[in-house]
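I opened my notebook to look up how the parts of this chain hold on to one another, and I wrote down each thing as I found it.

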Amino acid sequence: MRTLVVKTTSGTERPEATNQAFTVAASAVAAGADVSLWLTGESAWFALPGRAADLELEHATALTDLLDVVLAEGRVTVCTQCAVRRGITEQDVLPGIRIAGAPVFVEEVLAEGVQALVY
């Protein structure tokens with residue numbers, strides 16, 4: 001099975017797109033794929049404790065539950081520039097979430113056998 005890198009760029013202002021990215025990442029984890037979820041732009045806020053609960057979407061799995069699935073078996077990364085612009089530091093994010101920049105993202109998506117999706 002290929003590695004899946006999912007990048008989400010939106011937050012509560014685009015709940016369907018945001019939830020879709022988390023749903024795809026969590027579904028891929030459940031299917032046994034190696035998953036890397038990148039939180040960029042307004043999605044960076046979901047790296048903070050309690051912030052995933054801010055997104056509510058009718059008939060969708062709670063973002064907190066989806067994030068828990070990805071954190072348990074995959075990787076979650078906040079974009080460095082996105083974090084800095086929002087005043088988010090390593091000390092602020094949930095356990096298991098890292099902050100990394102474009103070189104790490106590029107390395108992940110250019111690896112052999114990787115599928116990348118951007119929401």
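Which residues of the largest nonpolar core touch the most other members? I found that, of the 32 residues in this core, Phe 22, Leu 37, Val 70 and Val 78 touch the most other members. I noted the rule beside it: a nonpolar core is a set of buried Ala, Val, Leu, Ile, Met, Phe, Trp, Tyr and Cys residues joined through side-chain atoms within 4.5 Å. Buried here means under 20% relative accessible area, exposed means over 50%, and partly exposed is in between, with a 1.4 Å probe and protein chains only.

Before going on, I recorded that this is a predicted model, in which local features need pLDDT of at least 70 and side-chain atom pairs count only at pLDDT 80 or more, while totals for chains, interfaces and linings use all residues. I also recorded that residues are numbered from 1 along each chain as its sequence is written, and that side-chain values use heavy atoms, with hydrogens and water left out.

**Entry: the cores**

I returned to the largest core, where Phe 22, Leu 37, Val 70 and Val 78 touch the most other members, and looked up where its residues come from. At least two residues each are supplied by β1 (3-8), α1 (15-30), β2 (35-39), α2 (63-73), β3 (75-79), α3 (80-85) and β4 (97-100). The largest share, seven residues, comes from α1. For these labels I kept in mind that helices (H or I, at least four residues) and strands (E, at least two) are DSSP runs, numbered from the N terminus.

I then listed the contacts of Val 78, where contact means heavy atoms within 4.5 Å. Leaving out residues up to four places away in sequence, Val 78 touches Leu 39, Ala 44, Ala 47, Ala 83, Ile 97, Arg 98, Ile 99 and Ala 100.

**Entry: the aromatic rings**

How many aromatic pairs does the structure hold? I counted two aromatic pairs. Rings of Phe, Tyr and Trp (its six-membered ring) pair if their centres lie within 6.5 Å, and planes under 30 degrees apart count as stacked, over 60 as edge-to-face and the rest as tilted.

Phe 22 and Phe 46 form an edge-to-face pair, with 5.9 Å from centre to centre and 90 degrees between the planes. Phe 22 lies in helix α1 and Phe 46 in the loop between β2 and α2, so this pair ties together parts that are 24 residues apart in sequence.

Because Trp 38 lies in strand β2 and Phe 105 in helix α4 (residues 102-110), the pair ties together parts that are 67 residues apart in sequence. Trp 38 counts as buried at 2% relative accessibility, and Phe 105 is buried with a relative accessible area of 17%.

I also found Lys 7 over the face of Phe 105, at 4.7 Å from the ring centre. The rule for this asks that NZ of Lys or CZ of Arg be within 6 Å of the ring centre and within 35 degrees of the ring normal.

**Entry: the salt bridges**

A salt bridge is a side-chain nitrogen of Lys or Arg within 4 Å of a carboxyl oxygen of Asp or Glu, and by this rule I noted a count of five salt bridges.

The side chains of Arg 75 and Asp 34 meet in one of them, at 2.8 Å from N to O. This pair links distant parts of the chain, with Arg 75 in strand β3 and Asp 34 in the loop between α1 and β2, 41 residues apart. Arg 75 is partly exposed, with a relative accessible area of 30%, and Asp 34 counts as partly exposed at 33%.

Arg 98 forms a salt bridge with Glu 108, whose closest N and O atoms are 2.5 Å apart. Here Arg 98 is in strand β4 and Glu 108 in helix α4, 10 residues apart. Is Glu 108 buried or exposed? I found Glu 108 buried, with a relative accessible area of 13%. Salt bridges that share partners join Asp 34, Arg 75, Arg 98 and Glu 108 into one network.
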